[in-house]
Amino acid sequence: MMGNGKVIEVKNLVKKFGNFVANDHLTFDVHRGEIFGFLGANGAGKTTAMRILCGLSKPTSGEITVNGFDVYRQSEAIKRTIGYMSQKFSLYEDMTVAENMRFYAGIYKLPRSKRLKKEAELRDKLHMPEIMNKLVGSLPLGWKQKLAFSIALIHDPGIVFLDEPTGGVDPITRRQFWKLIYEASANGITVFVTTHYMDEAEYCDRVTIMVDGRIEALDTPAQLMQTYGASSMNDVFLTLARKAKKAVG
Amino acid sequence: MQVFLSILRKEFIQIFRDKRMLAIIILVPVVQMMVLVYAANMEVKNVDVVVVDNDLSQSSRSLANRFSGSPFFTLTGTTFNEKEAEALLKDDAADLILSIPAGFEEKLIREGNASLQLIFNAINGSAAEISAGYAQNVLLDYNAGIISETLAIERNESPGGINTVVRYWYNELLDYKHFMAPGILVILVTIIGMFLSGMNLVKEKEIGTTEQLNVTPIRKHQLIAAKLIPFWVIALFDLAFGLLIAKFLFKLPIEGSLLVLFTYAAIYLVGVLAAGLLISTFAETQQQVLFIGYFIIMIFILMGGIFTPVESMPRWAQIIDIFNPVCYFMQVIRMVLLKGSGFGDIIPQIIFSVIFGILMMAFSILKYRKRA
């Protein structure tokens with residue numbers, strides 16, 4: 001299972017909420033170590049699909065495996081091998097950075113030596129040793145997001161799911177955040193990221209563009225731009241979104 | 001185990017870092033014991049009496065004096081006019097009209113019996129009933145005085161009468177505080193347990209960390225146990241703390257064994273905490289927990305027998321109370337503290353609370369979902 005093995009396999013994923021079809025027959029694979037972008041406007045069904053892959057929600061139908069585990073029957077096994085960072089910032093603001101790390105390390109049953117190693121790593125990465133004893137709530141949003149990302153990787157998961165990780169921060173902080181993503185990817189971690197920032201799409205190895213619950217396109221950013229004769233991912237997206245509107249109208 | 005301990009440590013860190021939480025843990029028992037116990041006073045004192053004396057005889061004056069001499073009554077005025085007295089009653093200036101008709105003494109002497117009228121302000125029915133009881137006693141006493149005077153014998157040797165000596169076991173002096181304080185302790189422990197546990201889980205839902213926990217391999221029972229234990233400890237601490245306050249403030253007797261009391265409380269709290277957890281699975285915000293919890297707790301408490309014994313409630317209420325956990329703790333705490341009951345005396349209550357705890361726990365674990 002090295003190199004370009006498939007870590008996520010999705011065939012005909014359908015998720016319905018009543019009559020509303022949030023995910024309409026999605027089919028795609030994600031390879032080990034790649035940065036896989038999941039793009040789409042708000043409400044296109046990105047988060048729904050991601051929640052299914054993380055074992056937070058059950059699909060209506062389809063064959064889905066994550067790290068070789070089946071999402072219907074082995075969702076708890078999936079949870080041991082993935083990291084997740086949600087849209088909502090979700091560390092405990094009333095605890096210090098070290099306390100948050102210790103908590104998540106405990107949940108993933110990390111031995112003490114490994115936890116201390118991770119703490120040291122984080123201290124180096126953030127260039128601020130004193131940060132460990134600061135309350136998370138007192139940190140700026142950009143820092144919190146970097147922290148949440150580091151903690152999502154505390155148990156060395158094979159895949160990390162990032163749901164709009166850079167929402168609400170300035171472009172410089174976003175760039176710094178993407179540096180962390182590249183680092184993780186270089187270490188062999190598969191990154192599955194949803195976003196609606198089209199410039200971020202260009203940082204991904206491959207992107208999927210979702211419109212109204214369906215996958216409209218799936219390829220490398222360069223290939224997509226060429227196919228649609230566009231100069232940026234933003235133009236690719238606009239072309240696809242307009243086409244979808246016409247089809248509906 | 002490592003997972004469980006990690007969650008437990010996190011909960012304790014968060015609870016003790018929250019200054020408001022500490023205030024709740026310390027202040028709620030103090031305030032409840034110091035204020036509520038006194039406020040829930042059911043003794044009736046200082047009943048204002050207005051006398052309508054149309055007889056103006058020695059007998060009527062002596063009767064009025066008996067009322068003013070009683071610790072329960074205060075003579076606020078004398079008038080000859082019924083209307084005036086009624087106006088006082090209406091204005092809340094008087095609670096009781098003692099109306100002595102003209103010719104009272106004459107009738108008493110000539111015919112050996114006479115009647116008078118008592119009119120109570122019964123806005124507060126039970127207070128009126130209690131003061132009527134006191135008034136009856138004053139009149140009985142007065143009556144006995146007349147009989148002994150006319151028969152010229154000692155008062156306590158009324159001829160042929162039965163002399164009753166009443167003793168109030170388990171609360172000799174009928175100190176209402178000894179009756180109320182244990183009840184208030186039950187309320188204290190129930191509120192602390194139910195609300196704090198319910199609010200805590202929903203708080204995680206609100207700030208979005210629940211979802212983060214749900215993508216981890218935490219097992220449901222680990223999470224729930226680690227979430228409930230801190231509040232279980234806090235509620236038991238508050239019971240001890242409240243008991244200590246009651247002991248010093250109103251010399252609350254502790255006849256029975258504290259081991260019995262705390263063992264029962266520990267069992268009782270499992271059900272209460274799980275009920276709080278169950279509420280939190282229905283609620284999305286802390287406000288919702290408060291509203292639902294308040295509704296349930298009000299019914300539990302008012303029906304639980306803190307003021308009125310369950311035995312005096314209507315049949316349907318008694319049937320509902322079979323399912324009211326508060327009701328059982330109310331019985332146990334009074335039995336153990338005032339009567340000195342042991343484990344053998346509270347077996348039915350223990351059985352109920354064990355069943356209630358298991359059911360509540362099962363429901364809340366089933367209802368708590370890691371998957372949306």
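A salt bridge is a side-chain nitrogen of Lys or Arg within 4 Å of a carboxyl oxygen of Asp or Glu. Keep that in mind for the first stop. The model on your screen is predicted.

**Stop 1: a salt bridge in chain A**

Select Arg206(A) and Glu34(A). Their side chains meet in a salt bridge, with N and O 2.9 Å apart. Now look at where the two residues sit. Arg206(A) belongs to strand E9, residues 206–211 of chain A. Glu34(A) lies in the loop between E2 and E3 of chain A. The pair links distant parts of the chain, 172 residues apart. Are these two residues buried or exposed? Arg206(A) is buried, and so is Glu34(A).

**Stop 2: the open sheet**

Stay in chain A. Find the four strands that form an open sheet, in the order E2-E1-E4-E5. Their pairing is antiparallel. Which strands stand at the edges? They are E2 (20–31) and E5 (69–70) of chain A. Each has a single partner strand, so one side of each is left without a neighbour in the sheet.

Next, select helix H1, residues 46–53 of chain A. This helix packs on the sheet. H1(A) touches strand E1 (6–17), E2 and E4 of chain A. The direction of H1(A) makes about 120° with that of E1(A).

**Stop 3: pairs within that sheet**

Walk across the sheet, one pair at a time.

- E1(A) and E2(A): they pair in the antiparallel sense over eight bridges. Select Lys15(A), and you will find it opposite Asn23(A) in E2(A).
- The turn: E1(A) and E2(A) form a hairpin with two residues between them. Click on Gly18(A) in the turn, which has a positive phi of about 65°.
- E1(A) and E4(A): five bridges join them in the antiparallel sense. Val14(A) has Ser61(A) in E4(A) as its bridge partner.
- E4(A) and E5(A): here E4 covers residues 61–66, and the antiparallel pairing runs over two bridges. Val66(A) has Phe69(A) in E5(A) as its bridge partner.

**Stop 4: a covered strand**

Move to strand E8, residues 190–195 of chain A. How many of its residues are buried? Six of its six residues are, and the strand is mostly covered.

Turn on the side chains. In a regular strand the side chains alternate between the two faces of the sheet. Look for that pattern here. Thr190(A), Phe192(A) and Thr194(A) point one way from E8(A). Val191(A), Val193(A) and Thr195(A) point the other way.

Strand E3, residues 35–40 of chain A, pairs with E8(A) in the parallel sense over five bridges. In this pairing, Phe38(A) stands opposite Thr194(A). Strand E7, residues 159–163 of chain A, also pairs with E8(A) in the parallel sense over five bridges. There, Phe161(A) stands opposite Phe192(A).

Trace the chain from E7(A) to E8(A). The path crosses through helix H6, residues 171–186 of chain A. What is the hand of this β-α-β crossover? The crossover is right-handed.

**Stop 5**

The structure holds 23 salt bridges over all chains. Select Arg214(A) and Glu216(A), whose side chains meet in one of them at 2.8 Å, N to O. Arg214(A) is partly exposed, with a relative accessible area of 32%.

Switch to chain B. Asp18(B) forms a salt bridge with Arg20(B), and their closest N and O atoms are 3.5 Å apart. Asp18(B) counts as buried at 17% relative accessibility, because buried means under 20%. Arg20(B) is exposed, with a relative accessible area of 64%.

Finish with Lys10(B), Glu11(B), Glu204(B) and Lys227(B). Salt bridges that share partners join these four residues into one network.

Key
Residues numbered from 1 in each chain as written. Chains lettered and ligands numbered in written order. Predicted model: local features only at pLDDT ≥ 70, side-chain atom pairs only at ≥ 80, totals over all residues. Heavy atoms only, no water. Pairing = 2+ DSSP bridges. Contact = heavy atoms within 4.5 Å. Axes fitted to C-alpha atoms, helices over the stretch in contact; angles between N-to-C directions. Buried < 20%, exposed > 50% of the residue type's maximum accessible area, 1.4 Å probe, protein only. Right-handed = clockwise from strand over helix to strand, strands pointing away.
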